[in-house]
Amino acid sequence: MATTKDTTPVHEVRPVTQELRIPARYLPTPTIGPGHSFATITDHISTIVLRRKTPIGWFIGLLIAMGGVGLLSISITWLLVKGIGIWGINHPVGWGMDIINFVWWIGIGHAGTLISAILLLLRQEWRTSINRFAEAMTLFAVASAGLYPALHTGRPWFDYWLFPYPNTMGLWPQFRSPLMWDVFAVSTYATVSALFWYVGLIPDLATLRDRATNIWVKRAYGAFALGWRGSAKHWLRYEHAYLLLAGLSTPLVLSVHTIVSFDFAVAQIPGWHATFFPPYFVAGAVFAGFAMVLTLAIPARKFFRLEDFITMKHLENMGKVLLATGLIVVYAYAMEWFYGLYSGNAFEGYMLKNRATGPYAKMYVALWVCNGLAPQLMWFKRFRTSTFWLFVVAMFVNVGMWLERFVIIPASLHRDFLPSSWGMYHGTFWDWSMFIGSIGLFFSLLFLFVRFLPMISIFEMRTLLPEAQAHSHEEAH
Amino acid sequence: MSDTKELNFTDFRERIGDLRGKEYWRSLEELSRSEVFDDFFHSEFPQQALALDKGVDRRDFVKLMGASVAMAGLTACRPPDEKIIPYVNQPENLIPGKPIFFASAMPLGGYAKGVLVESHMNRPTKIEGNPDHPSSLGASDAFMQASILGLYDPDRSQVVRRTGEIATWSEFIGAIQPVLAGAKANGAGLRILTQTLTSPTLGSQMQALLTQYPGMKWHQWEAAGGDNTREGSRQAFGSYANVIYDFTKANVVVSLGSDFLDEGPGHLRYARDFASRRRVRHGKTTSMNRLYAIESSVSSTGSIADHRLPVKPSEIARIAQEILACVNGGGATTPFIAALAKDLAANRGASIVVAGEEQPPIVHAIALAINQAAGNLGATVMITDPVEVAPVNQLESLRQLVTDMNSGAVKALIILGGNPVFDAPADFNFKGALQKVPFRAHLSLYYDETSMLSQWHIPETHYLETWGDARAHDGTVTIMQPLIAPLYNGRAAIEVLGALIGGMDATPYATVRNYWFGRGANETSWRKTLNDGFVAGSAAPARGGSVSGSIPQIAPAVASGIEIELRPDPTIHDGRFANNAWLQELPKPQTKVTWDNVMIVGPRTAQEIGYAPEERERLVNEKRTRLAEIEYRGVRMMLPLWVVPGHAEGTATICYGYGREQGGRIANGAGFNTYPFRFSNALNGGAGARITIPARDPFKVACTQEHQSIDPKDVGERGIIRETSFAEYQKNPHFVHEGGHELEKVHGKDSLYPEFEYKQHAWAMAIDTSVCTGCNGCVVACQSENNIATVGKEEVVRERELHWLRIDRYYKGDIANPEVFHQPVPCMQCEAAPCEPVCPVEATSHSEDGLNDMTYNRCVGTRYCSNNCPYKVRRFNFFQYADYDTPSLKPMRNPDVTVRTRGVMEKCTYCVQRINHAKIEAEKQNRRVKDGEIVTACQQACPTQAIVFGDMTDPSSEVAKLKAEPTNYTLLEELNTRPRTTYLATIRNPNPELLASAPVLEEHH
C-alpha cells in the first residue's frame, strides 16, 4: 500500500476478508482497464454524478423521455375516463398489448437480478461493472411492467381486491388463479429488487456524501447513506445483508417468469397450454434482459467514457449469454412444433398452421429471424467483440422478444377452438401510446439514475484492482 | 305517497297534455296552484314545497324543474285507464316485484301474432308468445321480442305537429273540419291510405266512412305486403282466398322460394308444425318429413332443407311448371325434379308446395295447382275466405292514388301508418305526387320521411299502448289490450278514423268494445277474450276451392345480365324497425352482418365480377368487403358485396329497408336505401343488372362471424357439428360418438379438487340442432330478458357485441350449394369450467345447482375467464355500453336483472332470475321444482322448440331424456369441461335417389 499514493479515505477501502493463495498465472484477467487505482476509479465514477458539467445530450435525452411520460399520462387519463375499450382488445382476444408489454418489461428486468444475484453467488467478478446499471434497469423495467396489470383491468379502482386483506366482504382472492400468483410474484420481485439495489448503493452514497461540496447535496446523499462510515462492522453487516438478499433474489429470477408463464400455461388455449412454458419463459426473460443491458450499456459506456470499466470482456460475455439463452428459446420454439405434430391434436395442429400461414404469419417469421437467426452471430468472436454488431443483435432480440409475446398472446387467442368465434387483433393508437409512454418512463428513470447515482458500483470496482486482492498485499510487502 | 289520498294523474296529464311547449313553464305555476298538485307536492317533496310556499329562489327553482320532469315521467308510466285482464289465473292486484302477464297481439303486415306481455308495476318489460294463440303457440320471433324496445324508443314521435311545429290534437281536429265539410257532398277528393288491414273494428270504421262519404277512396299499401300471394290465389281460384297449411301432416314439403319458416303471418305456427315432423327421438321416430327448397337467396327455410336447389329467380316459375307437369304424369328434365315429383306422388294428400311472396302470382297459382294435383287441397292445404278486411292489389291501389294525386283529384290524404315516401315503388315518385295534395296528414310512430312532407303529423300509439283488434293468419280474431297508457299522448288509427267519422269522444276502448258488443259479445265473453287474447273458434272456416283456369306456358327466361332479387330485410323488415337497436345489431341469419344491408351474391358470380376468394377471405377477416357498383334499369348504386355460399349464381339479393334519413338516431345513416331499385313492374327484382367493382377503399362490415368452415382440411377435425342422414341414423344411432372426440371416462379421479355434489338440482340444457332454423328469436329474447346492451356498428366491427346467446352458422360441402348448420351457443355452464379457477377475485363461481354464476359487482375485469373459455361465450363491457341516462329506456329493463357497468364481464346465466323465482315458489309450497316450470327466455321464444331446459338430476325430466338420446353430444368434449349444455346431432332426411345420383362434391370451403 505504501507504494501507491492513495488518498482514498480508509472507510472506502473494502476490507479483504478472503485469504487466497493463488499463483498469479491462475488469476483471471482483470476486468478493468489498465492504469487504474482506487483513486481514479472513485474519481471517474463519482465525478459523473458530482462535478462533471451535465452534458447537453443528457438534457435532450431526458426531454425526449419525459415526452414519453407525458404521453403515458395522457394515455392513462383517457383510459380511466373511457374504459379499456380504447385498446384493440375484443372478444376472442381479451389480452393484447397490455399483457404483451407487461411480459416484455418483466422479462427485461430479469437480467438485472440474474447479474446481481446469481453471478454474485457464482463469484463472476466481471459482473461488477454492470450490476448496478442492470439492477437499476430491472427496477425501472418492473416499474414500467407494473403499470400494465394495474391498468389493464376493466375497473382498475378495484385492483386492490386482488390482494389478500381482511375485508367487510369476507372474501379472499381466488388462490387458484395464476393472476393471483402474479400479484405475489411481481410485488415480491419489485420489493426485493428495490432493496437489493438500495443496499448495494449505500457505501457509494456515503462516498458521494463525503465528496460532495455543496451542503445540500451532501445532506441529501447523507440521508440516503444511512450513516455509513465504513467501519469493519458496517462492512460485515453489509456483506451479510447483501449475500442474504442475493440468496433471496436468486429464486426470484426463476420464479417470477415461471409464474408469469403460468398465466398462459394454466389456461387451455392452444399455444398457451404447454408444460415447458416455465423454463422457456425464464430463458426468454434472461435473453431479453441481456439484450436490453447491451442496448443500454453500449451507448452509455461510450457517452460517459466508461470503456475502462465496462470492457470488451463484459460485452463479449453478455454476447455469450445471449447466445446460450437464445438457443434455449429456439429449442422451445422447436418443441412447440414437436408437441403440435406429435400429439396429433387438431387444435394444437391448427394453432401452428395458423402461426406459420395465418394472418400473423409475418410476425411469426420475423420472430424467428430476430430470436432464432440474429443471435447465431454470437458464435463468432468477431461479432461478439464488435460493439456495433452486439448492438444490432441486441436490438433484434428486443424486437424479437416483443414479437414472441405477440405470437403467444393475441395470435393464440384470435383463433382457438370454435371457428365461429375467431377474430383479429390490432393495437390501437392508445395501445401504442401506452407502450411508447412506458418506454419513456423507463428511460426517464434511467436518465435520472445515471445523473444522480453512480451507475457503476465504486466500491466494488475498487475490489477488482490488483491492490485490493489479498495476495497483492503480500507481494507488495 | 299516502294510500288515503287518491291522486288524479289523469287530471295532471290533461292539464299538461294539450299545452304547447312554450306554455309549459307558465302552466307549472298554474298547476302548482291547484289543490291536487299541492297535496301531491307536499307529500312527495316536503322540503321543496316549503320553499315554494316562501317563494322560489334560483336553486329551488332548478330543483322544482327537476321535480316537474320527474313527475312528467311519473304520469307517463301508468296503467291504461280501462280495465285490462291478466292472462290465466293471476292475481289482479299489483304485488310489487311480481310480474303480471297480459294477453295481447302484435300486428305486423296487418296480421296479428298473439303475445303475452310481462308487466312489472304497470311497465311492460318483456314479450312472449301466447301459447294458446294459433299464430304463436307460445313462440315469438325477433320482431315481437324487439317490439318492447320499440315501445320505449326515445326517438318516437311525441307530439302532434303542424308543418313541423308543435301542435295539439284538438287543433288537428279543428283543421280537418273544413276538409270534411268540403268532402261532405260526396267525399270526392278525400283519400285514406292504410297498410294491410285485418282489424274488424277498423274495417267497420272504414265502411262507415265510405258510407258517409261515398266518393271517398280507400287505398292500401304495404311495402313488404302480400300482393303476389293474394294475386296468386285469385289466379288460381278466381277470387281472393287465404291459404293456410298444416305442416304436421306433410311428409314432403316443397318450397318455391318461400321462407315459410321465418316470414309471413303464420311462420311461427308453421315452424312449430314443421319441426314436429323433424325431431328424431330414439326408438320413437319412424319417419321424418323431407323439405325441398328451390330458391335464389339462401333463406332460413332453405338453410335447413334436405335438398336445396339454387336457381335464378326467373327460373322458379318454369321449374314450378315442370313439377306440376311431372305430378300430372309428365317427364322431368332433371333428376332433382323427377325425384321430387315422385316423392309428391308417393305422398298424396300428405305434402305441401308453398310459394314465397317474392315469387310472381303465377308461381303461387302453380303451387296451388300442384297441391291440387297432389291431393293436398283440403288435406294439408286449406283454403279460406280472405282474412283481410278488403283484399286488393295494393300496388294498383297505390298506383291509382298516385295518378289521382298527380292529376289534382286528391284534395285531402290521410295516411294511417306506413311510410310511403320512403317505401313506395321508385317509379311512382310518391314524394312528388304527395306534395300536390292540399291537405296531408300522417299518423305514425316516428316523425319520418312521410311525416316531414305532411302538414299534419300525429304520433301513433304503439300496439302496447292502445286497444285494437286484428286477425291471425288463420283468421282468428285477436283483441289487443294496452299494457300502459300512451307514453307520449299518441293516437291510434281507430281514434283518427273515429274523429273523421265524427264521434270525437269515442276512445279506442269504447270503439273496439262497442264493435264486439254489437256482434254478440257480452261482459263474460269480453273478459274471457281479453284473458285469452283471442276469440276461440273464430278462425276462418275452410272452404272448398279448386284451381281453375289454365296455367299459361312459361317461356324459359332470357338470360341478360345479373338478376336481382329484392327482399325485405330479415331484421329490420321494410324499414319500420330501423330505429330498433336490438334488431339493427341482430346478425342477419345467413350473412351474420349487422347494421347494414349488403348485396349478396354466390361465390362464382363474385369471382366473375372480380372479387377473388383470396381477397374476400383477407378482407372479411378484417371485417371489410368490397363496395360494388350495381346498375339496374338506369339506377346506379354502391353496395357492399357479400358472398353467401349456396346463393344462386348470376343473381344478387338485395334487401330493402335500410338507408333511412328520417328514422331516428339509430336508423339514420345505417345501410343503403335500395328502394330506388323497386319498380312497380318488378317489385321483387328482375334481370339486367350489371355489377362492377370500382377501385375504392374497402367497406367496413360489422359481421359477427367471419369463419364458417368446419372442413377438417382447413381447421382440423373438431367435431363441432355432428350430422347424418335419417337413413344412416337408423342404421347406427350412436354415430355421434364414433368421431374420436370422446374422452376416456375417468370422472371422479381426474382432478385434485373434489367433485361438486348436487343435492337439489342440476340445471341443464339440450339443443336439438336438427330443428334450429337460425331465426334469431332466441337471441333477441335473451337480449330483452337479460337487459343486454347494444354496442353499435363500430364496436361490432371491433368484435365487441354483447349477445349472450349467438347462433353459429357453419357450412359443409360444395361451396356452390353447401349444407348449412345452425348452432345456438349459450353458456355451456361447464362442470369443470375453465373460467372459474382463473378469476383472481372469485367473481365467477360454481353455484349449488352447477351454474357458473357471474358476480358482476365483484368483477374487476381481467378478462382471463373469457380468454380461457373455449366456447367464447363470455362478453365484456369494454365501455359503458348500457344506457344509464335515457329516461324512457329505464322502465323497459327487467327489474330482476342487473344493468351492467363498464369493465365487467357478463354471460348467459340460464336465466337465473327465472330459476330462482321458480325455486322460491316451489319452496313456499314445500315441493320440488316441476319439470317445465322453469323456461329460459331462449327456450320460450324458440318457434321449433329446439331448446330444452330442465333439471338433469330428475331422470323423468325432458332434458334428462334428451341427454339420454344416442345423438346427444358435447361441444369440445375432449377438453373435459363437461358442459351442461349439450347438442342433439343434426339429422336430415335426403332422398336416397338423389344422393345416389348426386355428383361427389370435392370442392370444399
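Among contacts in chain A between residues at least 6 apart in sequence, 82% link residues at least 24 apart, two residues being in contact if their C-beta atoms, placed from the backbone, lie within 7 Å. Chain A has 17 helices and zero strands, where helices (H or I, at least four residues) and strands (E, at least two) are DSSP runs numbered from the N terminus. This is a predicted model, in which local features need pLDDT of at least 70 and side-chain atom pairs count only at pLDDT 80 or more, whereas totals for chains, interfaces and linings use all residues. Residues are numbered from 1 along each chain as its sequence is written, and chains are lettered from A and ligands numbered from 1 in the order in which they are written.

**Burial and the nonpolar core**

- Of the 477 residues in chain A, 48% are buried; a residue is buried if 20 or more other C-beta atoms lie within 10 Å of its own, exposed if 12 or fewer, and partly exposed in between, with C-beta atoms placed from the backbone.
- The largest nonpolar core has 406 residues, and those with the most contacts inside it are F287(A), V293(A) and M599(B); such a core is a set of buried Ala, Val, Leu, Ile, Met, Phe, Trp, Tyr and Cys residues joined through C-beta atoms within 7 Å.
- Helix 8 (residues 277-303) of chain A gives the most to this core, with 16 residues.
- Leaving aside neighbours within four places in sequence, F287(A) is in contact with L322(A), T325(A), G326(A), V329(A), V397(A) and M401(A).

**The contact between chains A and B**

- The contact takes 43 residues from chain A and 45 residues from chain B.
- On the side of chain B that touches chain A, the elements giving two or more residues are helix 29 (835-838) and helix 30 (864-868) of chain B, and helix 30 of chain B gives the most, with four residues.
- By class, that side of chain B has 19 nonpolar, 14 polar and 12 charged residues, where Ala, Val, Leu, Ile, Met, Phe, Trp, Tyr, Cys and Pro count as nonpolar, Asp, Glu, Lys and Arg as charged, and the others, Gly among them, as polar.

**Helices of chain B**

- The axes of helix 12 (residues 313-327) and helix 14 (residues 361-373) of chain B come within 9 Å and cross at roughly 15°, axes being lines fitted to C-alpha atoms, for helices over the stretch in contact, and angles running from 0 to 180 degrees between N-to-C directions.
- Helix 12 and helix 14 of chain B are therefore roughly parallel to each other, a term for angles under 35 degrees.
- Residues of helix 12 of chain B, including I316(B), A320(B) and L324(B), meet residues of helix 14 of chain B, including I362(B), I366(B) and I370(B); the residues of this contact divide into 13 nonpolar, one polar and no charged.
- Helix 19 (residues 493-501) of chain B is mostly covered, with eight of its nine residues buried, and it is followed by G502(B), whose phi is positive, near 125°.

**Two loop residues of chain B**

- D711(B) lies in the loop between strand 29 (702-703) and helix 25 (712-715) of chain B, and is partly exposed, with 17 other C-beta atoms within 10 Å.
- D711(B) and Y810(B) are 99 residues apart in sequence and 9.5 Å apart in space, C-alpha to C-alpha.
- C830(B), in the loop between strand 33 (819-825) and helix 29 of chain B, counts as buried because 24 C-beta neighbours lie inside 10 Å.
- Not counting residues up to four places away in sequence, C830(B) touches N852(B), T977(B), R978(B) and P979(B).

How values were computed
Angles under 35 degrees count as roughly parallel, over 145 as roughly antiparallel, 65 to 115 as roughly perpendicular and the rest as oblique.
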